[in-house]
Amino acid sequence: MFKIIHVSDTHIEPVGRFVVGLNPHERLGQVVQAINESHADAALCVITGDLTDRGDEGSYRAFADIVNELKVPCRLLLGNHDNREIFRRVFPDAPFDASGFIQSTADFGDTRLIFLDSLHDNHAGLGQLCNARLEWLERVSQEAAATGRRSVIFIHHPPFSVGVRMFDQMLLENPAPFLNQITASKPLHLAFGHLHLTTSGSWNGIPYSCNRGVAHRIALSLDGDVTEFIEAEPTFDVMLISPNGVLVHHTAPTTATSVIAREYPTEDGKGHQVMLRTDIAGV
Ligand SMILES: [Fe+2]
Ligand SMILES: [Fe+2]
């Protein structure tokens with residue numbers, strides 16, 4: 001079994017600038033610290049896009065300063081808020097495919113992780129997988145199958161509706177070729193971001209999970225037209241990948257005051273609870 005950390009939607013701005021009133025540097029710093037303290041044994045940390053809020057060089061440099069503190073290796077994907085050219089300038093060592101897209105793979109035992117670049121060339125919200133990117137995916141998926149490996153796919157944009165109307169205009173554009181491919185190749189799991197919602201389920205038998213992200217949460221509204229941005233803790237997902245499948249824990253950094261009590265095991269099974277916060281009444 002191996003552990004993958006899934007982070008998404010960090011929306012970093014140049015130092016000193018906030019996003020919808022929230023400090024993205026502080027929030028990403030909290031996530032990096034939590035990963036280093038509790039999950040330094042992870043095989044990889046995957047950040048599925050919207051690394052920056054506006055795709056400028058200052059934001060990528062601020063982002064790099066924070067993620068360089070990670071004790072686990074990191075793989076970066078692009079989202080609709082990113083800029084491929086500037087990303088490659090700031091991260092010259094980031095792997096890319098023969099067409100220059102930020103697409104790569106990583107093999108761990110009998111599992112191949114596949115990282116896709118769904119940044120659209122001409123639209124601020126939609127995702128895109130052009131023929132070159134799809135052909136690359138088909139090739140690396142076939143390689144995986146030929147070597148007996150199961151695939152886990154990471155991408156910024158969901159390729160299907162998750163039942164939230166406001167996002168139906170910002171999904172992967174023309175998803176049919178991609179959906180046909182994964183219907184045939186049957187990846188073990190599909191992981192994405194973009195929604196700023198904690199969402200999971202299955203699509204035609206393919207399990208998926210969405211990391212809500214580090215930046216603002218979006219209020220769940222299935223048929224609303226107005227997007228509400230919510231102040232909520234930054235999050236990350238801990239994925240445990242084993243021969244049995246993929247297990248996804250949605251979690252968040254704990255702060256000095258967020259632990260309100262501890263319960264210690266006792267032989268009678270009742271446990272012994274100790275309150276840590278004196279400003280909250282115990283049970
Ligand atoms: Fe985002
Ligand atoms: Fe996005």
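Leu-134, Leu-137, Glu-138, Ser-141 and Ala-145 in helix 4 meet Pro-177, Phe-178, Gln-181 and Ser-185 in helix 5 (contact: C-beta atoms, placed from the backbone, within 7 Å). Helices here are DSSP runs of H or I with at least four residues, strands are runs of E with at least two, and both are numbered from the N terminus. This is a predicted model: local features need pLDDT of at least 70, side-chain atom pairs count only at pLDDT 80 or more, and totals for chains, interfaces and linings use all residues. Residues are numbered from 1 along each chain as its sequence is written, while chains are lettered from A and ligands numbered from 1 in the order in which they are written.

Helix 4 (residues 131-146) and helix 5 (residues 176-185) pack at about 5°, their axes 11 Å apart (axes are lines fitted to C-alpha atoms, for helices over the stretch in contact; angles run from 0 to 180 degrees between N-to-C directions). Helix 4 is therefore roughly parallel to helix 5 (under 35 degrees; over 145 is roughly antiparallel, 65 to 115 roughly perpendicular, the rest oblique).

Now helix 1. Pro-24, Arg-27, Leu-28, Val-31, Val-32 and Ile-35 are buried there (20 or more other C-beta atoms within 10 Å of the residue's own; exposed means 12 or fewer, partly exposed in between; C-beta atoms are placed from the backbone). On the other side, Glu-26 and Glu-37 are exposed. The buried residues of helix 1 pack against strand 1 (2-7), strand 2 (44-48), helix 2 (57-67) and strand 12 (236-242).

Take the helix 2 contact. His-25, Leu-28, Gly-29 and Val-32 in helix 1 meet Ala-62, Ile-66 and Val-67 in helix 2.

How values were computed:
Contact = placed C-beta atoms within 7 Å.
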